[in-house]
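Let's walk through this model together, starting with the whole chain and ending at a single residue.

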Amino acid sequence: MNEEMIKKRNKRLWEVIFILVLGCCLIFTVCGFSYNIFYGNNIFNVVKRSSLKYQLWKVGYIKLYGDNIPRGENVQDIGVLTKDRLIEQNLFINEDMIYYDELVVEIQVATYQRKNFSKIYFEFDQEDGLQEVFEIDASTLKDNQIIELKIDMKDAIEGYCKMRIYSDTDRGDSAVTFYTVTETPFSRFVSIDGERQDRNLLMKVYTPWYADPRW
C-alpha cells in the first residue's frame, strides 16, 4: 500500500469519527431539549431562572421577619454569660417560614474586647417539632460580631420555638455577653436567669434567597 492510499484511508477514518461524534452530540442535544420541554423547563425558562438567581444573589435578597434594631439608649448588655446563667427567647414559627428550607437567626455578641476560652450553645426547641443545637467556640469571635445561625426547617412546625443560650465556663473573665433592646417589632420578652424582661435580644430573623425550595 503506497503512501497516497494510506493518507486517503486515514482521511476517511477521521471523517467517519467526526461524523459519529457530531451525531452523538446532536442526539444528546435533541434529547436534552426534549426533556426540558417535556418538563416545562425549556431553554428560555432555564436562562430566566438562572438570571433571576444571579440577581437575587447579587443584591443579597432576604425575606425579613424581624430586626431588633438598636434605637438610641434602648440597648443594654446582660453581663457575663457563665454556665450558671441562661437566656431564653421565644420565636414564633409561622407557615411562611416553614415553606422555606432554611431560617437564619443573627445575634450580636460582645467579647469585652478580649479572647474568651469557652463554648456558647444556641438551642432551638419546639415540642414535637424543630430541635437543633449550635456550638460556637468563643475564642473565634470578635467584639460585636454577628453570629449567623442557619436553621434547617424540615422538622419545624407552626408555633412558638424556645431559643436558649448558655455557656460552659464558670470564669467571668472568659465569658461573652449579649445585648437586649426595647421597642422591638417581634417577640414580646426575653427571660434572663428565669426573670422575664420586657426586652428582646439584639437579633435579626430572615429567610435568605437561596432557601426557596423552587430553586
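Residues 24 or more positions apart make up 78% of the protein chain's contacts with a separation of 6 or more, where contact means heavy atoms within 4.5 Å. The chain has three helices and 13 strands; helices (H or I, at least four residues) and strands (E, at least two) are DSSP runs, numbered from the N terminus.

Keep in mind that this is a predicted model, in which local features need pLDDT of at least 70, side-chain atom pairs count only at pLDDT 80 or more, and totals for chains, interfaces and linings use all residues. Residues are numbered from 1 along each chain as its sequence is written, and side-chain values use heavy atoms, with hydrogens and water left out. The mean pLDDT (the predictor's confidence in each residue, from 0 to 100) is 81 for the protein chain, with 69% of its residues at 70 or more. Over residues 33-40 the pLDDT is below 50, and this stretch has five contacts in the model beyond near neighbours in sequence. Where pLDDT is low, the predicted coordinates should not be read in detail.

Now zoom in on serine 174, in the loop between strand S8 (159-167) and strand S9 (177-181). Serine 174 counts as buried because its relative accessibility is 5%. Leaving aside neighbours within four places in sequence, serine 174 touches Arg114, Asn116, Phe117, Ser118 and Thr169. Lysine 119 is 55 residues from serine 174 in sequence, yet their C-alpha atoms are 9.8 Å apart in space.

Conventions: Buried < 20%, exposed > 50% of the residue type's maximum accessible area, 1.4 Å probe, protein only.
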